[in-house]
Every structure is written in C-alpha cells, then in structure tokens.
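Welcome to this guided tour. Please open the structure in your viewer and keep the selection tool at hand.

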Amino acid sequence: MSAPLIGDGSLGASLVAAVAVGLGFGFALERAGLGSARKLIGQFYGRDLAVMKVMFSALTVAMLGVFWLSRFGLLDLRAVYVPLTYLWPQLFGGLLFGAGLVVAGLCPGTACVAAATGRIDGVFVLLGFLAGMVGAGLLLDRFAAFYESGAHGAWTLPELTGLPYGVVVAAVVVLAIAAFAGAEWFERRVR
Amino acid sequence: MKRQAHAMLALLVLGTGTLAAIAGSAVPAPAADEVSAVDLAQWIRDRRPGLLVVDARAAEAFDIDRLPGAHLIVDIDADALRSADTVVVYADARDDAALGGPSHAQRVLRLHGGIAAWNEDVLFPVLRADANARQQRDFATRAALSRYFGGSPSLLDPGAVPARGRSRRGC
C-alpha cells in the first residue's frame with residue numbers, strides 16, 4: 001500500500017482530508033503566533049523572522065518526507081499534484097502578493113487564523129480577498145493571454161537544473177540551515 | 001538547552017539531506033532480486049546468453065501484451081529452466097511479480113515495476129521539450145532503445161496544457 005490513499009474519484013474523502021489538514025495547518029499557524037499581523041510585519045522590519053523560519057521548516061520537513069516516503073515505496077510521486085508553472089503571471093502575482101502581505105500584515109492562511117481567533121483585521125483582510133477574487137474573475141477575460149503566458153507545465157527543480165532529485169533536496173536543506181543561522185544572527189543584531 | 005535542541009535538529013536534517021543526495025533518486029531502487037526495465041531491455045537487445053524471460057500473468061493478458069521473447073510461465077519446462085542462467089519473471093506490477101519464479105534456474109530476478117515499467121520506461125519514454133543538453137543526450141539512448149522494441153519516444157511540450165488547473169497555493 002502506498003500514498004496517496006485517496007483516489008481522484010473520492011470527493012467526499014478528499015474534502016474530509018482537506019478539512020483535517022486545514023484544521024491542522026491553522027492550528028500550527030496559530031500556535032506559531034502567525035495569526036498576529038504584528039508578528040508577520042516584524043519580518044519586514046527585521047525584528048522577528050519567525051514567518052521565514054516556520055515556512056522554511058514546513059517546506060524542509062515536507063520535502064524530506066516526500067522524498068523518503070517515495071524512496072521507500074510508501075508514496076507514489078506520480079500521483080502527487082504538481083502545480084503548473086506560468087512564469088510571468090506567477091512572478092507578477094508573487095510581487096502583488098508580497099505587496100499585499102506588507103500592507104495587510106496577513107496572507108490568506110494567516111488571515112483565516114486571525115479571523116477565527118476574533119481579530120478584526122483578519123476579517124477585513126478576508127473581505128478584501130473575497131473582493132479581489134470576484135474582481136479578478138470578472139476581469140480575467142481581458143488578461144487571458146497574460147494569464148496563460150510563460151507556461152512550463154509541471155516544472156520541478158530537478159527538471160530545471162538537470163540534477164538528481166536527492167541532490168536538489170540536499171541543496172535546499174543546506175540553504176534552509178544557512179537561512180536559519182542568518183536569521184538568528186540578523187535578529188540579534190537588530191535587537 | 002534550546003540552542004542544543006536547535007543544533008541537534010539541524011544535524012538531523014543535514015544528515016537526512018546528505019543521505020538524500022547519496023540516494024540520488026526518489027524512485028525506489030531495484031532490490032537485489034530485481035532488474036530494471038531499461039537494463040532488461042538492454043539484455044534482450046544484446047541477446048544476453050542464458051536469459052529467459054517469463055510472464056507470470058494469465059494467458060489472456062499474455063496474448064494481449066507481453067515482453068519480446070517472453071514465455072508464459074505454464075509453458076516452461078524444467079529443461080528450459082535448467083539451461084537458463086538468468087530468469088526474469090514479470091507480472092502487472094512489482095508486487096505481483098513477487099509470486100515466486102521458477103526455482104530450478106541459477107538466478108531468478110523480478111522485473112522492477114512489472115510490465116507497466118516496461119511500457120513507461122522502455123516503450124514510451126517522455127522528455128520535456130525544454131530539457132537541457134545533458135538530459136537530451138541521456139534521452140537519446142533511451143529513445144534508441146524504445147525504437148528498437150517498436151516503441152515511440154515522445155517530447156512533451158510543457159506549454160501545451162489543455163486547460164489551466166485549479167490554483168492550490170497559499171500560506
């Protein structure tokens with residue numbers, strides 16, 4: 001038996017799994033203090049780099065887990081969805097997302113956590129997201145060519161670099177540890 | 001104490017990452033009693049002496065699709081097994097091939113991934129159109145092997161996506 005344990009056809013089971021994972025994700029964000037806009041904004045002033053540490057930790061754990069589970073035959077990597085790459089709209093979207101994060105102090109996940117824990121700013125950020133989604137949907141046809149530009153399909157770092165998957169995993173691990181050490185050093189300097 | 005815990009975690013992650021680099025691929029390597037589809041294809045193409053390929057599936061599946069030169073397991077007699085140096089047994093999937101091959105041969109191997117791996121890795125290999133020069137060189141070897149067995153290697157145009165899927169990201 002190997003993961004994923006839920007097939008494409010099982011919508012009910014997928015939704016149950018999504019709710020369970022979402023609750024766990026929200027709980028982890030809240031316990032890490034990421035429901036607070038002040039905490040998130042501390043990242044951009046160099047006072048508190050907890051966001052980077054939490055996200056990089058999650059990324060590293062997930063990456064190592066996926067690699068080794070697949071290596072031991074417990075996970076079928078071909079059944080794992082890889083988001084499609086659209087280079088230009090995603091670069092633009094990343095910049096817009098970053099700007100929104102600085103202005104609002106929250107991103108989608110942390111805004112849900114903030115709203116769920118009774119923070120008014122979280123509720124307003126969620127309302128802003130809803131308005132943005134509706135607006136983007138209404139205007140999408142005008143930007144369809146840009147929306148589909150720079151398509152590279154399911155593009156992974158091993159495919160981009162031509163390096164073995166395990167070498168890319170090791171490189172990201174080294175990068176993460178260097179980033180953690182750099183963040184600690186930077187935080188001490190700012191304080 | 002906190003510093004020590006951080007150092008221990010960093011060492012653990014670094015060790016696991018280093019092992020990943022050594023392992024190289026995320027795909028499970030063939031076990032000691034297995035052979036990969038590409039290696040088996042090269043053996044068959046090179047007409048390796050003493051090689052016997054055995055299909056452990058039902059006769060109906062064998063009639064529809066089988067490896068070149070394979071024999072159905074029920075059709076093999078003891079003399080053929082004794083004269084074979086290496087027997088490769090395959091089924092639909094790797095687990096099915098574990099049903100135990102003929103025991104008279106000197107060396108019995110299972111086909112890693114079964115006939116599905118043969119179709120995917122040997123007959124119909126796929127390369128991204130934006131692959132780099134080294135990937136293209138490596139693929140040329142596999143493409144030649146594929147054509148030898150009547151397969152069709154193909155190039156995947158990563159830009160030709162039929163419909164944009166749902167976005168599943170956030171933080």
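Predicted model: local features only at pLDDT ≥ 70, side-chain atom pairs only at ≥ 80, totals over all residues.

Of the residues in domain 1 of chain B, 6 are in contact with residues of domain 2 of chain B, which contributes 5 to the meeting.

Now select helix H2 of chain B, residues 37-45. This helix supplies 4 residues to the side of domain 1 of chain B that touches domain 2 of chain B, the largest share of that side. Color the touching side of domain 1 of chain B by residue class, and you will find 3 nonpolar, 1 polar and 2 charged residues.

You can pick out 6 helices and 7 strands in chain B. Follow chain B along the sequence and the elements come in the pattern α-β-α-β-α-β-α-β-β-α-β-α-β. Chain B has 171 residues, and 23% of them count as buried. What about contacts between residues of chain B that are at least 6 apart in sequence: what percentage join residues at least 24 apart? In chain B, the figure is 52%.

Stay with chain B and select its open sheet. Its 5 strands lie in the order E1-E5-E4-E2-E3, and the pairing is parallel. Which strands of chain B form the edges? Strand E1 (34-35) and strand E3 (71-72) of chain B do, each pairing on one side only.

Zoom in on E1(B) and its partner, strand E5 of chain B at residues 107-111. These two strands run parallel and are joined by 2 bridges. Select B:Glu34, and across from this residue you will see B:Arg110 in E5(B).

For the last stop, move to chain A and select two helices, H1 (residues 11-31) and H5 (residues 108-116). The axes of H1(A) and H5(A) come within 10 Å and cross at roughly 80°, so the two helices are roughly perpendicular to each other.

Show the side chains where these helices meet. On H1(A), select A:Phe25, A:Gly26, A:Leu29 and A:Glu30; on H5(A), their counterparts are A:Gly109, A:Thr110, A:Cys112, A:Val113 and A:Ala116. Color this contact of H1(A) with H5(A) by class to see 5 nonpolar, 3 polar and 1 charged residues.

Methods:
Residues numbered from 1 in each chain as written. Chains lettered and ligands numbered in written order. Contact = placed C-beta atoms within 7 Å. Nonpolar A, V, L, I, M, F, W, Y, C, P; charged D, E, K, R; others polar. Buried ≥ 20, exposed ≤ 12 C-beta atoms within 10 Å, placed from the backbone. Axes fitted to C-alpha atoms, helices over the stretch in contact; angles between N-to-C directions. Parallel < 35°, antiparallel > 145°, perpendicular 65-115°, else oblique. Pairing = 2+ DSSP bridges.
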